[in-house]
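Dear colleague,

Here is the structure I promised to hand over. Please open it, then read the notes below.

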Amino acid sequence: MAPTPPTPPTSPTRPEPSAAPAEGNPIPGLYHHPVPEPDPVRVDAVSRGIKAWALEEVDLYPEDWEEEFDGFSVARYMVACHPDAPTVDHLMLAARLMVAENAVDDCYCEDHGGSPVGLGGRLLLAHTALDPLHTTREYQPRWAESLHADAPRRAYRSAMEYFLQQASPSQADRFRHDMSRLHMGYLAEAAWAQTDHVPEVWEYLAMRQFNNFRPCPTITDTVGGYELPADLHAQPAMQRVIALAGNATTIVNDLYSYTKELAAPGRHLNLPVVIAEREGADERAAYLKAVEVHNDLMRDFEAEAAALAAACPVPSVQRFLRGVAVWVDGNHYWHQTNTYRYSLPDFW
């Protein structure tokens, strides 16, 4: 197995590297960049704020889920991913949306009562908390009442209300679009689960381009207190950079959550599992190949981001590309250091 490639020189899209976090071990051979430890003052402020929001504003979870909520460490996650956020309030925008998305995934799709059966209907109604229903006066009140019916809808509604206080109309529409992509990915995975279908590797990667972290780095400008104009965001080159970032960060999740998913009931699709079944590899070889798939995506992301930074020296483009790169690195940091949730397989 090839050693981890060296950290590239500083570029317009990435700040100077710093010492690796002490907690947790990175996956051997995984191409990543260390990040500074998140500001503990901000972590504490976001941690207190997000828990108060979850308990007092949206009644997100019952008492026996508290340890799991705390173990998610969303404050450390968001502070690592958004070091340029001007205030704690800006960090809270990202934290609420992240927690809300996780609640939808858990309660509708996976760990806490989720099921592929009927998922489309649940997701559609939850999506109206982000992209509101425009209907007749007779039916509007019943829809509005439905947004308080369960924890995922309460969380989506509230998190989006806060987001709209800072986001421009184009930033809000961008986020809604990316959430539609996410929900479509959930539905594809659910359909495969219902038919017990293991996709080809390329099909799985297509699903993961939609069922992935893209909504998180795509709001990096809102959380940073500025705006990447809509015409610049819509450039094909920018869309490719964002897609590659989302794909790479999502494979990081597949790799770090591998042992957690193997221990869970039923079969969970992730890239190593799909490679093993579709390419006839043993578990170790499939996992190591998935590491290389991630590394290829990361190298493509960095090359495309550097090319775009050189071709479009607009300040908002430069800052947005740096923000996405930092989000990619912060996402790896959180997965590596979240030993409450993740442990590595014994493949080395």
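Where does proline 26 lie? Proline 26 is in the segment before α1. Helices here are DSSP runs (H or I, at least four residues; strands are E, at least two), numbered from the N terminus.

First, the ground rules. This is a predicted model, in which local features need pLDDT of at least 70 and side-chain atom pairs count only at pLDDT 80 or more, while totals for chains, interfaces and linings use all residues. Residues are numbered from 1 along each chain as its sequence is written, and side-chain values use heavy atoms, with hydrogens and water left out.

Proline 26 has a relative accessible area of 31%, so it is partly exposed. The scale is this: buried is under 20% relative accessible area, exposed is over 50%, and partly exposed is in between (1.4 Å probe, protein chains only). Leaving aside neighbours within four places in sequence, proline 26 is in contact with His32, Tyr256, His332, Gln336 and Leu344. Contact means heavy atoms within 4.5 Å. Proline 36 also lies in the segment before α1 (40-57). Its relative accessibility is 53%, so proline 36 counts as exposed. Its C-alpha is 9.4 Å from that of proline 83, 47 residues apart along the chain.

Lysine 51 lies in helix α1. Its side chain makes a polar contact of 2.6 Å with the side chain of glutamate 66. A polar contact is a pair of N or O atoms within 3.5 Å; within protein, one must be able to donate a hydrogen and the other to accept it, and residues adjacent in sequence count only if both atoms are side-chain atoms. Beyond its neighbours within four places in sequence, lysine 51 is in contact with Tyr61, Glu66, Phe69 and Asp70. Aspartate 59, in the loop between α1 and α2 (66-72), has a positive phi near 50 degrees and is not a glycine. Serine 73, in the loop between α2 and α3 (74-81), has a positive phi of about 55 degrees, again without being a glycine.

The largest nonpolar core has 102 residues, and Leu60, Tyr77 and Phe301 touch the most other members. Its largest share, 13 residues, comes from α4. Such a core is a set of buried Ala, Val, Leu, Ile, Met, Phe, Trp, Tyr and Cys residues joined through side-chain atoms within 4.5 Å. Not counting residues up to four places away in sequence, leucine 60 touches Ala54, Phe69, Val99, Ala103, Ala151 and Ala155.

In α5 (residues 119-127), Leu119, Leu123, Ala126 and His127 are buried. They cover an arc of only 100 degrees around the axis, so they sit on the same side of α5. The arc is that of the directions from the helix axis to the C-beta atoms. These buried residues pack against α4 (88-109), α7 (151-166) and α8 (169-195). In α16 (residues 315-337), 20 of the 23 residues are buried, so this helix is largely enclosed by the rest of the structure.

Last, the cysteines. The count of disulfides is zero, with a disulfide defined as a pair of cysteine sulfur atoms within 2.5 Å. For cysteine 81, the nearest cysteine sulfur is that of cysteine 216, 7.9 Å away. Cysteine 81 is buried at 1% relative accessibility. Cysteine 216 is buried at 7%.

Best wishes

Terms used:
Expected span 1.5 Å × (residues − 1).
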